[in-house]
Amino acid sequence: MEEEFTKLYNEKVAKKWHQMTRLYMDNGLLVWNGNGANGKVNIQKYFQELPRFEHIMNTLVAQPIIGDAVPSQLTFVIKV
């Protein structure tokens with residue numbers, strides 16, 4: 001599952017910035033190089049304001065969130 005997500009995430013970051021919010025819940029949180037954005041709208045705005053760059057992923061850790069926090073939503077905490 002991590003490999004599938006990595007491929008999808010890298011494709012979105014590299015080529016499809018306008019679709020990044022499809023990977024986040026409405027109340028999702030993004031932390032990028034120590035800067036953060038809360039919610040889909042702010043996450044999309046953050047990605048749109050980034051300068052173009054080469055994206056190289058060195059590590060990926062994905063942990064499922066199970067329990068009352070997200071009762072019927074498949075949810076992961078992902079560190080890249």
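The following dialogue sets values computed from a predicted model against the definitions behind them.

Tutor: In this predicted model, local features need pLDDT of at least 70 and side-chain atom pairs count only at pLDDT 80 or more, while totals for chains, interfaces and linings use all residues. Residues are numbered from 1 along each chain as its sequence is written, and side-chain values use heavy atoms, with hydrogens and water left out.

Student: What makes up the pattern of the protein, read along the sequence?

Tutor: The pattern is α-β-β-α-β-β, with two helices and four strands. Helices (H or I, at least four residues) and strands (E, at least two) are DSSP runs, numbered from the N terminus.

Student: Why is the pair K40 and D26 called a salt bridge?

Tutor: The term requires a side-chain nitrogen of Lys or Arg within 4 Å of a carboxyl oxygen of Asp or Glu. In K40 and D26 the closest N and O atoms are 3.7 Å apart, so the pair meets the cut-off. The structure holds one salt bridge.

Student: Which parts does the pair of K40 and D26 tie together?

Tutor: K40 lies in helix α2 (residues 39-49), and D26 lies in the loop between α1 (2-15) and β1 (29-32), so the pair ties together parts that are 14 residues apart in sequence.

Student: How do you know whether K40 and D26 are buried, partly exposed or exposed?

Tutor: Buried means under 20% relative accessible area, exposed over 50%, and partly exposed in between (1.4 Å probe, protein chains only). K40 has 29% and is therefore partly exposed, whereas D26, at 62%, is exposed. Of the 80 residues of the protein, 29% count as buried.

Student: What makes a set of residues a nonpolar core, and which residues form the largest one?

Tutor: A nonpolar core is a set of buried Ala, Val, Leu, Ile, Met, Phe, Trp, Tyr and Cys residues joined through side-chain atoms within 4.5 Å. The largest has ten residues: Y9, M20, Y24, L30, W32, A37, I43, Y46, F47 and L50. Two or more of these residues come from each of β1 and α2, and α2 gives the largest share, three residues. In soluble globular proteins, nonpolar side chains tend to be buried together.

Student: How many residues line the largest pocket, and which lie nearest its centre?

Tutor: The lining has 33 residues, of which F5, Y24, F76, V77 and I78 lie nearest the centre. At least two lining residues come from each of α1, β1 and β4 (76-79). On a 1 Å grid over the protein atoms alone, a pocket is an open set of points where a 1.4 Å probe fits, with protein on both sides within 12 Å along at least five of seven lines; lining residues have an atom within 4 Å of a point.
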